[in-house]
Amino acid sequence: MDIEGFARRALVDHSEESVQKSLQEKILEFKDINQVQAGQMAQAVLDEVKYTLKIEDHPDESLKNLIKYPKSGIGMGEMGVGSRGAGDFFVHRQIAEIVKSSHTNAFINPTAQDDGGVVKVTAGADEVYITTAVDGIHSRLSEYPFLGGFHVARASMRDVCVMGSQPVALLSDLHLADDGEVAKLFDYTAGVCAVSELTGVPLVAGSTLRVGGDMVLGDRLVSAVGSVGISPHPPTARKRAEAGDVILLTEGSGGGTITTTALYHGLFDVVWETMDISFIQASEAILQDGLLPEVHAMTDVTNGGLRGDAHEISQTTGLGMAFWEDEIRALVNPKVLEMLESLDIDHLGVSVDSLMIVAPEDVASKVEKVVSSAGVRIGRIGEVDDTGIPRLLTDHGEEELKPLFREAAYTKIKKIVGDLQPEDFEEMKQKVERSALEAIAKKDEVVARIKERHEN
C-alpha cells in the first residue's frame, strides 16, 4: 500500500485529523508496532506531503512546472497501459515521440516499436551494432520470485536475440517493498542466474532497493532485467519485411503470462512447460549459421500475442500479412494450448513466447533446417503481402487480425476488467497525447535553460 499516495488523495476531501487516524490504522495492519509509533509515522507522512503541496502557492511558475507534471486525467488501467492492447500501443507511441524529440542518434530507437534499441559504434576499422533491451517482471509473479526472475531474464535476452544480436551481458534492477521477505531477493536472483547459466550470458550488474522506500507498505516485488547484445550486422528490424516473404514460427510454450495463467487457475503442471530456453537456442542457431544478414525481420510473439505483433509490423512497414490459423495452432505447446482453450483464452491474443521470423523463400528454408537441427520445432504460418492489412485465414473464411484493447484476459480479474475498448477511447487518446506534448515542451524548456546557464 502506498501511504504517501493515500495521504495525498485523502487530504483533498478530508480533514487532517481524520486522515491521520485512518493512516495510523492502515499502518498497524502491516507493521508490528504500537499505536503511538504508528501515529507518529502517520503524522510524519502527512507533514511531508503537506510540504510538497505548498508548491501550488509558489510565485515562480517555471519552478512549479519543473516540480509538477502535466496531467492527462487518464489512469494507467483505464488506458490499458501494460495490458498489451490498443491503449498500451498508443501510449508507447507517445513515449517514442518524446524519445524522438531528444534529437539524439540511434540506429533504432523506440519510434520503430521494436523489441530493442540499437546504436552503431565504430571500433577501429569495424562497425559494431550494440543492442539493449529491458523487461519487467510479470506483476502477478511477486509471490513466485524464482519464476519471475527466470522469465524476465529470458524475456530480456529474447528481445536482444530478435534484433539479430548476440547477448553478452545481463543487468538486474530489483525492488522489494518495505515488509517484503528478504529471501525473495535471493530466490529472484537465482531465477535470473538459472537463465544466465543455461545460456552462458553473465549477470554483471544490478541494483536492489525498496519499493517507495518507507512510503510503501506490503511485500510487493517489482523488478526488471536488462540485456546487452552485440552484432557485426545491421539488426533484423521489423521495417525490413518485404512483400512475398515467408513467415515462420517456432513452438511457443509461454513465459510469465502463461505461468501466471497456470498458477492462478491451479493448473500447476503447466508451469514446467514454460521452463526452457528454446527461443534463445533457435535464435543462436540462426546467428551461428550466418543467416541473420539474410533474414528480414524477427520478433517474439509476446505483447498482445500474434494479434499485437501482426498489428505492429503492419503499422511499421505498411505491408499486410496472411496467417494460417491451423498452422499457428499446431505450433503452440499442446499442454499450453489445452489450458488456454479450456479457460476460453484466445491464444492469438496472449503471449506464447514463440519466435517469428520473416524471410525470403530460399532463406526461410535454410532457417527451418537450422532451427530444427537445434531441437526446436518450427513451421510456416503465413506470408507477407502488399494489402496493408494483417489477416487470419480460417476454415470459415478470412478476418482482419486486430489487437484487442487489452491482451486476451488470462486471469479471472482480467476477465472482470474486460478487453472491450471504452466508448470514449478517442477522447482519452487526445488527452494522453496532449500530456505527452506538454512533457516534450517541458523537456525542451529545461534543456534550453540549462544550456543557457552553462553558456553564461
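Ile3, Glu4, Ala7, Arg8 and Leu11 of helix H1 meet Met41, Val45, Leu46, Val49, Lys50, Thr52 and Leu53 of helix H3, where contact means heavy atoms within 4.5 Å. The residues of this contact divide into eight nonpolar, one polar and three charged; Ala, Val, Leu, Ile, Met, Phe, Trp, Tyr, Cys and Pro count as nonpolar, Asp, Glu, Lys and Arg as charged, and the others, Gly among them, as polar. The model is a predicted one, in which local features need pLDDT of at least 70 and side-chain atom pairs count only at pLDDT 80 or more, while totals for chains, interfaces and linings use all residues. Residues are numbered from 1 along each chain as its sequence is written, and side-chain values use heavy atoms, with hydrogens and water left out.

The protein as a whole has 17 helices and 12 strands, both taken as DSSP runs numbered from the N terminus, with helices being H or I of at least four residues and strands being E of at least two. Its radius of gyration is 24 Å, close to the 23 Å that the globule rule gives for 456 residues, so the protein is as compact as a globular protein of that length; this radius is taken over C-alpha atoms, and the rule is 2.2 Å times the number of residues to the power 0.38. Along the principal axes, the C-alpha atoms fill a box of roughly 75 × 60 × 50 Å.

Axes here are lines fitted to C-alpha atoms, for helices over the stretch in contact, and angles run from 0 to 180 degrees between N-to-C directions. The crossing of H1 and H3 is right-handed, a term used if the near helix is turned clockwise from the far one by less than a right angle, whereas anticlockwise gives a left-handed crossing.

H3 (residues 35–53) also packs against helix H2 (residues 16–30), their axes coming within 8 Å and crossing at roughly 125°. H2 and H3 are therefore oblique to each other, given that angles under 35 degrees count as roughly parallel, over 145 as roughly antiparallel, 65 to 115 as roughly perpendicular and the rest as oblique. This crossing, too, is right-handed. Among the residues that make the contact are Val19, Leu23 and Ile27 of H2 and Ala38, Ala42 and Val45 of H3, and by class the contact has nine nonpolar, five polar and two charged residues.

Further along the chain there are two sheets to follow. Strands of a sheet pair through backbone hydrogen bonds, either parallel or antiparallel, and two strands are taken to pair if DSSP finds at least two bridges between them. S1 pairs with S2 (residues 126–136) in the antiparallel sense over seven bridges, with Thr122 standing opposite Glu127 in S2. These two strands form a hairpin with two residues between them, and Gly124 in the turn has a positive phi of about 70°. Elsewhere in the sheet, 10 bridges join S3 (residues 166–176) to S5 (residues 221–231), which run antiparallel, and the bridge partner of Leu176 in S5 is Leu221.

S7 and S9 (residues 354–359) pair in the antiparallel sense over five bridges, and Thr299 has Met356 as its bridge partner in S9.

A last pair of helices is H11 (residues 278–288) and H15 (residues 361–373), whose axes come within 9 Å and cross at roughly 125°. The contact is made by Ala282, Ala285 and Ile286 of H11 and Val367, Val370 and Val371 of H15, which by class gives six nonpolar, no polar and no charged residues.
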